[in-house]
Every structure is written in C-alpha cells, then in structure tokens.
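Visitor: I am new to this structure and would like to be taken through a part of it slowly. Could we look at it together?

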Amino acid sequence: MKFFIDSANTDEIRQAQELGILAGVTTNPSLVAKEGADFHERLREITSFVEESVSAEVIATDADGMIREGKELAEIAPNITVKVPMTLEGLKAVRTFSSLGIKTNVTLVFSANQALLAARAGASYVSPFLGRLDDIGHDGLELIGTISDMFDLHGIETEIIAASIRHPQHVTESALRGAHIATLPWKVVEQLTKHPLTDIGIEKFLSDWQKSQNA
Ligand code: E4P
C-alpha cells in the first residue's frame with residue numbers, strides 16, 4: 001500500500017515528501033477552504049513540487065459543469081487527477097474524462113456497488129470514506145475488504161484509496177484488506193512514526209552514552 005497525503009497545506013505536503021513516503025496528494029473543497037487560498041493558485045503551487053497524482057475536486061453537480069471544471073483543472077498540470085463525486089452525473093463525467101485520457105478519483109464512496117459502478121465508468125481511483133462510515137456506526141474497513149475482493153475477482157484495475165482515515169489502526173487494516181493507497185492527514189503520518197518504546201529506547205541509549213563519556 002502506498003501513501004498519499006490528504007492536505008492542501010504545502011508545508012505538510014513538503015514534510016511528507018521529505019520523508020520519502022509521498023506517492024500523491026488528495027485535496028477536497030473543505031481542505032482548500034481551510035487554507036484560505038485561491039484553488040487554482042494552490043494547485044499550481046502543489047504541482048510545482050509534486051510530480052505524482054494530485055487530486056482536485058470539481059464543485060459542479062451536473063455532468064457538463066463537472067467536465068468543464070475538470071478540463072480546466074487538468075490543464076494546470078499533467079499530474080492533476082480530477083476528483084468527481086459518486087453520483088449519476090459524476091459517472092457521466094468520469095466516462096468523458098476517461099475517453100479524454102484524464103485521470104479521475106471518484107470520491108464519497110460508501111458502498112461496494114458505488115465503487116463497482118465508478119470502476120466500470122472508467123475511474124482511475126475510488127475513494128471509500130472509512131472514518132465517515134465509522135461515524136454512523138458502520139464498518140468502514142469491511143468496505144475496503146469487500147471492494148478489494150470484488151475488484152480482484154473481476155480483474156478490475158481501478159485503484160482503491162482508503163480515505164477519511166482517522167487513526168493508525170485504519171492504516172494497518174486498510175493495507176491488510178487490500179487498499180492500494182491510504183490518503184493520510186499529516187496528523188496521522190506523525191502518529192504512525194511514534195511508539196512509546198522508541199522514545200524510551202532513545203532516552204536510554206543517550207543516557208548510557210552520556211554515562212560512558214563522563215566515566
Ligand atoms: C480524501 O480524498 C477525502 O476527501 C478525505 O479523506 C475526507 O476525510 P474526512 O472524512 O476526514 O473529511
């Protein structure tokens with residue numbers, strides 16, 4: 001499983017890149033709004049230093065509007081992936097983008113059937129939202145396993161992005177259940193690096209070293 005960062009914050013994206021783990025970036029309208037930046041300007045900035053897939057979401061709700069917006073987004077950089085919501089209109093737009101060779105990420109996926117439809121319409125990626133399913137008492141991780149089994153069974157090459165990740169256990173379990181990618185908020189990237197025994201171990205090594213130097 002590869003890692004994307006789920007952020008429109010360039011400092012966070014650069015930090016993930018410095019770790020050598022960055023295989024792509026996902027953004028959404030809420031993340032961009034939080035930054036208070038101009039959407040296209042921020043995408044130009046991100047794609048100036050990220051060569052891998054950068055997902056940028058359309059705001060229109062009708063297929064023609066999505067196609068118009070998506071084409072504009074795709075012109076910003078060749079690595080822009082157009083993020084499209086999982087609706088009937090979204091599927092029509094995905095089909096058009098697919099025929100134009102523009103990569104798509106179908107977002108707000110909450111069921112295996114939605115993922116299958118998106119894949120058949122030509123989506124490059126599908127994004128099941130784990131955390132938001134957990135929030136309403138459903139099992140987000142189970143959905144990842146079901147989509148993965150279904151895609152394997154039918155030889156579907158659309159990649160599964162585990163999205164709406166809230167904690168490290170989501171990451172481990174998504175990897176085990178067959179997600180190709182997990183898109184992580186920076187906070188979760190930091191959490192993944194930590195273990196109390198690592199901190200205790202470093203402290204012990206350093207204090208033993210100091211003692212030997214003072215002996
Ligand atoms: C990623 O593509 C999604 O937009 C994101 O993971 C949603 O996460 P949230 O449910 O924490 O807002």
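This is a predicted model: local features need pLDDT of at least 70, side-chain atom pairs count only at pLDDT 80 or more; totals for chains, interfaces and linings use all residues.

Guide: Residues are numbered from 1 along each chain as its sequence is written.

Visitor: Is Leu108 buried, partly exposed or exposed?
Guide: Leu108 lies in strand 5 (residues 104-109), where strands are DSSP runs of E with at least two residues and helices are runs of H or I with at least four, numbered from the N terminus. A residue is buried if 20 or more other C-beta atoms, placed from the backbone, lie within 10 Å of its own, exposed if 12 or fewer, and partly exposed in between. Because Leu108 has 19 other C-beta atoms within 10 Å, its class is partly exposed.

Visitor: Is Ser164 buried or exposed?
Guide: Ser164 is found in the loop between strand 7 (159-162) and helix 9 (168-176), and it has a positive phi of about 55° although it is not a glycine. Since 22 C-beta neighbours lie inside 10 Å, Ser164 counts as buried.

Visitor: Which residue in strand 6 is the bridge partner of Val109?
Guide: Strand 5 and strand 6 run parallel and are joined by 3 bridges, and two strands pair if DSSP finds at least two bridges between them. In strand 6, the partner of Val109 is Pro128.

Visitor: In strand 7, which residue is the bridge partner of Val126?
Guide: Strand 6 and strand 7 also run parallel, with 2 bridges joining them. The partner of Val126 in strand 7 is Ile160.
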